[in-house]
Amino acid sequence: MTEETSQKAKPGRTFDSAYGFSFSIAVGLILFIAGLVISLTLGQGTNIGLIFGIPLLVAGLIIPIFMMRDLFKTNEIKEPCPNCGTIIRTSDATLQLKCTNCQKVINVREGQFVLDN
Ligand SMILES: [Zn+2]
């Protein structure tokens, strides 16, 4: 077996969501295959393979879900109101909100507050 070492982290590369997505799939797949191999090879006549293999199989299924749930979590925006300067906290899933201080309607575009004209 040869090991590919070309997948080393490049300097300056951020852990973006596309990379994190494939990473979580890979982790799940490795755990799943490892669990499958262990339960099939060590499990001959004994329960040892199942004791080690099944938790790995389950982890291979659950871990990617947890990692992905984290990836799809909305980012918090903390920006000043473009009209009055009050710091408003919201999530980037919000499209429109009202300033708590000046009651102006503010549109949220790509993490920035834009006044509704
Ligand atoms: Zn305001």
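**Chat: fold, sheet and turns**

Tutor: Start with Q103, which counts as exposed because it has 9 C-beta neighbours inside 10 Å. Keep in mind that this is a predicted model.

Student: Where does Q103 sit?

Tutor: Q103 is in the loop between β3 (96–98) and β4 (105–109).

Student: And what is its phi?

Tutor: Q103 has a positive phi of about 65 degrees, although it is not a glycine. That residue belongs to the hairpin of β3 and β4, which has six residues between the strands.

Student: OK, zoom out. How many helices and strands does the protein chain have?

Tutor: The protein chain has two helices and five strands. From the N terminus on, the elements run α-α-β-β-β-β-β.

Student: Which strands make up the open sheet?

Tutor: Three strands, in the order β3-β4-β5, with antiparallel pairing. The edge strands are β3 and β5, and each pairs on one side only. From one strand to the next, the twist averages 40 degrees.

Student: What holds strands of a sheet together, in general?

Tutor: Strands of a sheet pair through backbone hydrogen bonds, either parallel or antiparallel.

Student: How many bridges between β3 and β4?

Tutor: Three bridges, in the antiparallel sense. K98 stands opposite V105 in β4. L97 stands opposite I106 in β4.

Student: And β4 with β5, how many bridges there?

Tutor: Four bridges, again antiparallel. R109 stands opposite Q112 in β5.

Student: What about side chains along a strand, as a rule?

Tutor: In a regular strand the side chains alternate between the two faces of the sheet.

Student: Back to turns. How many residues lie between the strands in the hairpin of β4 and β5?

Tutor: Two residues lie between the strands there. In that hairpin, E110 takes a positive phi near 50 degrees. E110 is not a glycine either. Its place is the loop between β4 and β5 (112–115).

Student: Is E110 buried or exposed?

Tutor: Exposed, because E110 has 7 other C-beta atoms within 10 Å. The cut-off for exposed is 12 or fewer.

Student: Change of topic. What share of the protein chain is buried?

Tutor: Buried residues make up 8% of the 117 residues.

Student: Give me a residue to look at in helix α1. Is L31 buried or exposed?

Tutor: L31 is in helix α1 (residues 17–41). L31 counts as buried because it has 20 C-beta neighbours inside 10 Å. The cut-off for buried is 20 or more.

Student: Which residues does L31 touch?

Tutor: Leaving out residues up to four places away in sequence, L31 touches L56, A59, G60 and I63.

Student: And how far is L31 from V58?

Tutor: They are 8.5 Å apart in space, C-alpha to C-alpha. In sequence, L31 and V58 are 27 residues apart.

Student: Last one on contacts. Among those between residues at least 6 apart in sequence, what percentage join residues at least 24 apart?

Tutor: In the protein chain, that comes to 32%.

Note on methods:
Residues are numbered from 1 along each chain as its sequence is written. This is a predicted model: local features need pLDDT of at least 70, side-chain atom pairs count only at pLDDT 80 or more; totals for chains, interfaces and linings use all residues. Two strands pair if DSSP finds at least two bridges between them. Axes are lines fitted to C-alpha atoms, for helices over the stretch in contact, and angles run from 0 to 180 degrees between N-to-C directions. Two residues are in contact if their C-beta atoms, placed from the backbone, lie within 7 Å.
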